[in-house]
Amino acid sequence: MTDHLGLFDRHGDDDTGELNLTDLRAALLKTAAAPAAPAVRSTPRRRQRAIRQAAAKRRKRRNRHTLIAVLVLAIIAAGVVVGFKVWRKDSTAIPDFTGNGTSETVVRVGSGDTLTDIAGTLATDGVVASAESFINASAGNGDVPKIKTGYYKVRLHASAVAAVAAITDPVAHVGQLRLIPGRQLADITNAGTVIPGYISEITKKACVPLDGVSRCFTADQLWQAEETADPGSVGVVAWAIAGVQKAPDAKKRLEGILVPGDYDIPPNATALQTLEAVVSASAAYWNATDIVAGSKSLGRSPYQLAIAASLVEREGNSSANMPQVARVIYNRLAKPMKLQFDSTVDYSLGHSQLSTTAAERANPSPYNTYVADGLPPTPITSPGPQALDSALNPAVGPWLYFVKVDKQGDFCFSVTFAQHSKCVTRARANGVFGG
């Protein structure tokens, strides 16, 4: 074994065999500085097994925590996806109510309204949740395009399907009024039967109960409006205002001003509002006729033409004889000669009959043309289109008399009283009227 301390090394020629102190000191320092080798200790087997088991448990816990974290993240991610889909669906869904609706209400469909207009009205009034829902529910429904101008009773907060079914039901269309030609403002009796007048008809049609509760005006309240309202304020056509104001009987001052035809009147409005609605609509009709121009060509005022047309309506009974009746009126007025129409006697007495008695014809009413000269002070009824056209375009002829000669409605027109007497005899023979 070689000693590597280098204490006794010989170095060439300097090898003397003596101890080199410098080398000895360096060697000792080198030996002291060298680290000692660690002692190796053996670990008991039980301890090693415990360490391995603890490590295994730690690995299991880490795996379990990792799995739980992954599952939680997956659940959160799924929730985000579902929530986004629900939000997107809700944000794009068309709003709609459910069920048949709650309380009743009335909506108005205007003239010329399209499906989009109607849907918008229903949405604005709270009948449906959205216009789009009503439009979609109307697809393929053949009754929707048949919806007419007017007022409809439906329910608030109804599903679009229920709203479509409700507004297309014929009973939903309320406020419909039909004024028949030849009727008067007041009720009249005919052979013991009461014939409703315009005031009664308007009162009836304007009343639309909602949820079983009626808030309607009475016929008396409508009569009060007719008697007291300012003609211009309620919409009387301009050329008739002076005649209306001069009427000798307030209950007759709007006679003949309401034009026969179909109306849509606002349900549950006041009596004055309802009267204004009908009178204003009538004025629009009058303004669309040729009555102003026609009256000038006949040398009469438009109001006088309206009165003459009302007489033609009550005395004539067909488009065939009405122009001749109108000519008789103008021929008698030109003479001058009393008109002597039984219809004016009936009007003054509030009834309707084919002939009158001598006592009735003696009634001193300004409407009785057997007593009073010229035309009655107001129309005696509302003339229809045929009567008005006949008054504007009378037949050409010299007739001064006419009488209904049979129950089929044929008339006999005469120039002289002698000719007329023969026609009257013929009428009696046919049982048209008594002696």
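This is a predicted model: local features need pLDDT of at least 70, side-chain atom pairs count only at pLDDT 80 or more; totals for chains, interfaces and linings use all residues.
Biologist: How many nonpolar, polar and charged residues does the contact of α11 with α15 have?

Modeller: From α11, the contact draws on L305, A309, V312 and E313. From α15, the contributors are A387, L388, S390, A391 and L392. Sorted by class, the contact has one charged, one polar and seven nonpolar residues.

Biologist: How do the axes of α6 and α7 cross, and is α6 parallel or oblique to α7?

Modeller: Helix α6 spans residues 198-206 and helix α7 spans residues 219-228; their axes come within 9 Å and cross at roughly 120°. Because of that angle, α6 is placed in the class oblique to α7.

Biologist: Is the crossing of α6 with α7 left-handed or right-handed, and which residues meet there?

Modeller: The crossing in which α6 passes α7 is right-handed. On the α6 side the residues are I199, I202 and T203, and they meet A219, L222 and W223 of α7. By class, this contact has no charged residues, one polar residue and five nonpolar ones.

Biologist: Is V259 buried or exposed?

Modeller: V259 is found in the loop that runs between α8 (241-245) and β7 (261-264). Its relative accessibility is 4%, and the cut-off for a buried residue is under 20%. V259 therefore counts as buried.

Biologist: Which residues does V259 touch, leaving aside those up to four places away in sequence?

Modeller: The C-alpha atom of V259 is separated by 8.5 Å from that of A281, a residue 22 positions apart along the chain. With residues up to four places away in sequence not counted, V259 touches L179, S282, Y285 and W286.

Biologist: How many residues of helix α13 are buried, and what covers them?

Modeller: Helix α13 comprises residues 342-349, and it is largely enclosed by the rest of the structure because six of its eight residues are buried. Those six are D342, S343, T344, V345, D346 and Y347. Just after α13, G350 takes a positive phi of about 80°. The cover over the buried residues of α13 includes α11 and α14 (358-361).

Biologist: What share of the contacts with a separation of 6 or more is between residues 24 or more positions apart?

Modeller: The protein has 16 helices and nine strands. Of its 435 residues, 40% count as buried. Among contacts with a separation of 6 or more, the share from residues 24 or more positions apart is 67%.

Biologist: Where does pLDDT stay under 50?

Modeller: Over the protein, pLDDT averages 86, and 79% of the residues score at least 70. One stretch under 50 has 11 contacts beyond four places in sequence, and this is residues 1-19. Another stretch under 50 has one such contact, and this is residues 31-42.

Notes
Residues are numbered from 1 along each chain as its sequence is written. Side-chain values use heavy atoms; hydrogens and water are left out. Axes are lines fitted to C-alpha atoms, for helices over the stretch in contact, and angles run from 0 to 180 degrees between N-to-C directions. Helices (H or I, at least four residues) and strands (E, at least two) are DSSP runs, numbered from the N terminus. Angles under 35 degrees count as roughly parallel, over 145 as roughly antiparallel, 65 to 115 as roughly perpendicular and the rest as oblique. A crossing is left-handed if the near helix is turned anticlockwise from the far one by less than a right angle, and right-handed if clockwise. Contact means heavy atoms within 4.5 Å. Ala, Val, Leu, Ile, Met, Phe, Trp, Tyr, Cys and Pro count as nonpolar, Asp, Glu, Lys and Arg as charged, and the others, Gly among them, as polar. pLDDT is the predictor's confidence in each residue, from 0 to 100. Buried means under 20% relative accessible area, exposed over 50%, partly exposed in between (1.4 Å probe, protein chains only).
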